[in-house]
Amino acid sequence: MSEDNFVSSRRPSPLGGRKPTKDDLADFATDDPNAIDDILPSDSSGLKLLIVGINPGLWTAAVNAPFARPGNRFWPSLHQAGLTDHQVDASRGLAPGDEQQLLRRGIGLTNLIGRATVRADELSRQELREGAAHLIGRLSDVRPRAVAIAGITAFRTGFAQPKAQLGQQDTTLIEEWPDEVALHVVPQPSGLNAHYQVADLARIWREVWESIDDEVVET
């Protein structure tokens, strides 16, 4: 990637670097479809892995940083897997250096749905279906080598795959999914998901990362 890729276009935390209060969180329970900015290189060159959350939580929206709520296992597991140089603390917002290290590694982040909610189960079936279709439509522009969606229940609904299990997916079952983009579904990293601790998630992230073909893909 060129250095231009590391010039962030993301908005700073709306709270100016402080942690949100309970009253702050309530202010972000809106219908805003763009509650949080993506982490993506400006030209998508070298994007190896696009990590897709289901939708932002209120804390995440309040500080404009993915998986920001304290107790979420995303950042600790990503670091334990070796995908970041240090454990990111996004609870007050995402530091530019942390964004840059992700992009240098070829890692981007987005969500199926931009609207922030307290819980993912507040999303409607229609929202999930529309979010899935929107993600598929973006892949030709974003051009990741692989996608990892964090949340099996939402994946089953959004992509009409009711029998899907965690792990790498058969993309021929998903209409219009590009042949050259691998697809994985990983566990939801929320602290509420007691089935997967940090070490479990780290193992899964390592498996996803190692599965990505490092050969140059001709376009």
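My entries follow, starting with the ground rules.

I am reading a predicted model, where local features need pLDDT of at least 70, side-chain atom pairs count only at pLDDT 80 or more, and totals for chains, interfaces and linings use all residues. Residues are numbered from 1 along each chain as its sequence is written, and side-chain values use heavy atoms, with hydrogens and water left out.

**Helix α5.** I looked up its length first. Helices (H or I, at least four residues) and strands (E, at least two) are DSSP runs, numbered from the N terminus. α5 covers residues 125-142, 18 residues. The expected span is 1.5 Å times one less than the number of residues, so α5 should span 26 Å, and its end C-alpha atoms agree at 25 Å apart. Just after α5, R143 has a positive phi of about 55 degrees.

I read an open sheet of 5 strands, ordered β2-β1-β3-β5-β4, with mixed pairing. β2 and β4 are at the edges with a single partner strand each, so one side of each has no neighbour in the sheet. Pairing takes at least two DSSP bridges between two strands. β3 and β5 pair in the parallel sense over 5 bridges. V147 has L183 in β5 as its bridge partner.
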